Amino acid sequence: MVSANPAVCAAELDVVYGSGETAVHALRGLSLRVERGQFVVVRGKSGSGKTTLLHVAAGLRRPTAGRVAVDGVELSRQSERESARFRRRHIGLVYQFFNLVSTLSVEHNVALPLLMDGRSIAEVRPRVRELMDRLELAGFEARGPGELSGGQMQRVAIARALVASPVLVLADEPTGNLDSGTGRAVLGLFRELCSERGTTLVMMTHDAEAAAWADRVIELRDGAVADDLTVGLRVRA
Amino acid sequence: MIGRTWRLPLGLLLGVNSALGPNAVFFAVTLVSIAASVALATSLELASRAVQNLAAETAQALAGDGELEVVAGAGGVPEALVDELGALPDVAQATPLITATLGLDAARMPLNILGLDLLATGSMRELGARGRGGVEVADPLKLLGRSDAVLLSESVAAKLGVSFGGAIRVHAPQGARELHVEGLLADRGLARAYAGQVAVMDVYALQALMEREGFVDRIRVTAAPGVELRELAAELEQHTAGAATVQRVGAASSALDLSVIALRAAVLIVAAVGAGVAGLLSYAAMSTAVERRLPEFAVLRTTGFASRDVARFIAGDAAALMLCGSALGFAAGRILAEVFLPVVTQASDYFIHTSANSSHVAFAPATLAVGVAVGLLCAAAGALGPARIATRRFAFEARAEPAAGARRRGGLPLVCAVGLAAVARVPDLAPRARLALELALGAGLAGSLVGPALRGVDRIRPALSRALPGLGHLLGTGLAARPRGAALAVAAITVVIAFIHAVLILSASFGTTLLELVSSRYPNSIIVSATGPFDDFSVDRLAPDVIASIRRAPGVEAVDEEVATEVPFRGQDVLLVGYEAAVAGPRSGTTEYARHLSAVARDVARGDVAVSAAFARRFAIHAGDELELATPKGLRRFHVAGETRGLAGPAGVIYMDLSTYDAHWKRVGASSLLLWTRGDPVPVLEEIRRATYERQPLFFTDGPTLRARATAFANRFDVLLFGVAALALFLGGVAIANLLLGNVAARRRELALLRAAGAEPGQLSRLVLADAGLIALCAIALGTALGQLLTAPALQIFADDFGLPVDRHADLARLALFLALVLAAVLGSALYPALLARRATDLTAPQAE
């Protein structure tokens, strides 16, 4: 179903690194529309533009040309400060290498976007605890990231991405650093989030199995959409 | 494995690439820190050595061919002894020498005039004088022909613009006199004494000029062939019967040696502080560069390099930096040495009227050793830790999150604290050892407290989060990520703050004590002198007829005539001051010290002496003891009535009544007068000025002027201290900048994560600044406390070296200003790292390629 206000709307995106003869076109006129609640897997070889697309969609990088809007808000026109504020309130990011702050406790890591927004830990604790319970992290609040397994760390990263109830979660190879069982569990979790909470999830991956969990699979090639397939059948773990 | 042949060139290539490429900032910081510390150490070493060179040169020049000297201080040796000693069978030659320092009319500078027996064998050869047309003056009769003939050093002649046949005007005890230049002294032999600020006259002509007929300053004795010097010295001593001291040539500079030793010890402390800070800086810079190069090293290891090879690469980089930094440091040190020269010369408290010049600055093996040692220390500090990081960490395995929190070392702070308390309580510990121990233990305590402090921050994080929304929850996390670096930075800045804090207290204490000293002694008197007080130029004496005119002037209530001269005491030159105790004593001020002075004056007026506290400490002679002085009339014993304060170098001062002085020493005029008037002093001084103007220009210094001069004098002392403090602060600032740069480099991934999680660029900048502020606050708290502790030994060292025991005073306004400066310097040094933190965005590359 096509809505008037999609989760992500990118139009004619161009991203060029460098200039002159050494210029590299990471994205070439890419247009994309992701509806709310969709679980989209973006696939492609190395250098196809997956990570660049993720950064542009997160407002971490401005496109050289074209526009990108998340939840109707055009990120490409925002200042750095505005896009940072928008990101912490409306976008969650999950990475392959977890990227937790090693010197903060698990609870503080999960609460990070809310704390960045100027809220106190006491104020956000109920929401943090609820998410940690949901992601089977209860009891790990005071631990450091170094005391967790890979799967637990990735769940902490996912909890952090979800803590602000974002419209959009962007994930970059979230299962790339996990064993197959844990990776499958993470994919199942993403599937549930999309189905039950209506969260939009865009996942960049090489993982062929991940496509089986998605509503839609987009193939990138040389910075442009080569294939866009809507999947009818969902596989459950 | 890679072949041995290729390891070295490849390592060098990678090092150069790194130094000129991505790690240029860190290599530059290491280079600058090594160069700065080497420059600081070598410049101070060179400057103090230059003073020593000047002293040795002066002593050598004055000694001429002599092997032994017979001296009796400024009072002089009876002239008759010259012939008596010369007639002894074991003596080949005995020649008299007089030295006098007179003010030159043409330039505001003093001139050291040496009186020689020009008829003695070798005198003219020793002088190397040139007459008209550059012809050597070999015939002394040309000089002996007139009593006002003088040979002037070429450097002084050039400075004054006079040449052969010209005249110079000097202030002699009888008033202004004109001397005729009969030749110029080549820059060798005697002309090298007093840095060339010298002229030569016939000894008897100079005697007459100085009104010192019958006395000479020293007799230079050359032993007959085959005579043992020790035996000859004993024979001479027997002959002089206590009226003079016999010493080996060069022993006269022993007082200077002591001053220079003290000075060099201070230099070493300053250099050690600088080297310590620079070492920390090098460690921080190189470890940051190594952190950034870990992927590169990991690649090398996967391609066949052993971890030991990587360590060698780092050692090679450090050695190259050491060589370049030391070379730069030596060059800068040579330039800086000349800047420090005037202050260091005066701090030696020996050459009051002369300053060493660039010709005395010479690199010695010891200078090179000090510089290389400092450079090596910095390079080793920069290489050892980072090499350890490089060999133990393999970047390709470093993707998992490291365990949070540093290893707890609860015992170290306790050990350091207990050590500090113990050192503070040991009563007989030498002040320098106390200072060094307290610095080392204080640095250890500061560094070891960082871990607990950061854990404390963790405990109050909820409160911080409320107090600093959006920032408080992350405060200190950057430092906790690199606890060792943070500990080192805090330790370094703590040492810098403690050092400067002690310097500030020392400076304030010295200034205040000096002011109290000049204010409390004779508060309502006016000082009359031929030159200004606290003036290097104050060498002229008040002429006897001028003094008589002052005494006769209407409105003069009382006059205290004072004379100052140096006498030998236990191998050192000690200042001897004669004053009219019965006049000055009752007119002392109302402070406790002044009352003590007044009480002592009563005994001094009866024939006792008083000694300064520095004298009492140096020679362990206190009130109630007796001291023995060599006078022109033989050895005399004096009872010590009490101790007073006085600023006259480490050897101190002996005070006696003028009548006692006159009973033993000959004098012409007075060094200065203290004058009390009835009613308004202005018309009285006008009358004195009118009556004496033709004979001798006079300087009148009242209380406020004296205080202003004392303040200016104290400020001169401040210049050296603040110069060193500024350098230390600069090094500290660079250390912090470096730590934070390292933190930002090591935390790029984390900072990028925070950006991804919604941190605004400004928030990241503020986070880095807040970490810097945290370091500053920790260091300020610890450094101020340590500085308080260091003050006691620093004041003790000052009292020992400069001869003025000072009361502890703190200038709180200056201290506050300094701490604000520290904070500003720390925040300023954090600006660039903060700027870098804003740019961290890319999370997909956990390490730099």
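In this predicted model, 36 residues of chain A are in contact with 31 residues of chain B. On the chain A side, four helices each supply at least two residues: helix 2 (80–90), helix 3 (106–116), helix 4 (121–134) and helix 5 (150–162). Helix 2 of chain A gives the most, with six residues. By class, the side of chain A that touches chain B has 18 nonpolar, nine polar and nine charged residues.

Eleven of its eleven residues are buried, so helix 3 of chain A is largely enclosed by the rest of the structure. The buried residues include A:Val106, A:Glu107, A:His108 and A:Asn109. After helix 3 of chain A comes A:Gly118, which has a positive phi, near 90°.

| Helix pair | Axes come within | Crossing angle |
|---|---|---|
| Helix 12 (residues 411–425) and helix 13 of chain B | 8 Å | roughly 155° |
| Helix 16 (residues 483–520) and helix 26 (residues 812–829) of chain B | 10 Å | roughly 155° |

An angle over 145 degrees counts as roughly antiparallel. Helix 12 of chain B and helix 13 of chain B are therefore roughly antiparallel to each other, and their crossing is left-handed. In helix 12 of chain B, the residues of the contact include B:Leu412, B:Pro413 and B:Cys416, and in helix 13 of chain B they include B:Arg434, B:Leu437 and B:Glu438. The contact of helix 12 with helix 13 of chain B divides into eleven nonpolar, four polar and two charged residues.

Helix 16 of chain B and helix 26 of chain B are likewise roughly antiparallel to each other. The crossing of helix 16 and helix 26 of chain B is right-handed. Helix 16 of chain B makes the contact through B:Ile497, B:Ile500, B:Leu504 and B:Ala508, and helix 26 of chain B through B:Arg814, B:Leu815, B:Phe818 and B:Val822. Seven residues of this contact are nonpolar, none is polar and one is charged. An α-helix has 3.6 residues a turn, so residues three or four places apart point the same way.

One residue of helix 13 remains to be described. B:Ala433 lies in helix 13 (residues 431–459) of chain B. B:Ala433 counts as exposed because it has 12 C-beta neighbours inside 10 Å. The C-alpha atom of B:Ala433 is separated by 8.8 Å from that of B:Pro793, although the two residues are 360 residues apart along the chain.

Methods
Residues are numbered from 1 along each chain as its sequence is written. Chains are lettered from A and ligands numbered from 1 in the order in which they are written. This is a predicted model: local features need pLDDT of at least 70, side-chain atom pairs count only at pLDDT 80 or more; totals for chains, interfaces and linings use all residues. Axes are lines fitted to C-alpha atoms, for helices over the stretch in contact, and angles run from 0 to 180 degrees between N-to-C directions. Angles under 35 degrees count as roughly parallel, over 145 as roughly antiparallel, 65 to 115 as roughly perpendicular and the rest as oblique. A crossing is left-handed if the near helix is turned anticlockwise from the far one by less than a right angle, and right-handed if clockwise. Two residues are in contact if their C-beta atoms, placed from the backbone, lie within 7 Å. Ala, Val, Leu, Ile, Met, Phe, Trp, Tyr, Cys and Pro count as nonpolar, Asp, Glu, Lys and Arg as charged, and the others, Gly among them, as polar. A residue is buried if 20 or more other C-beta atoms lie within 10 Å of its own, exposed if 12 or fewer, and partly exposed in between; C-beta atoms are placed from the backbone.
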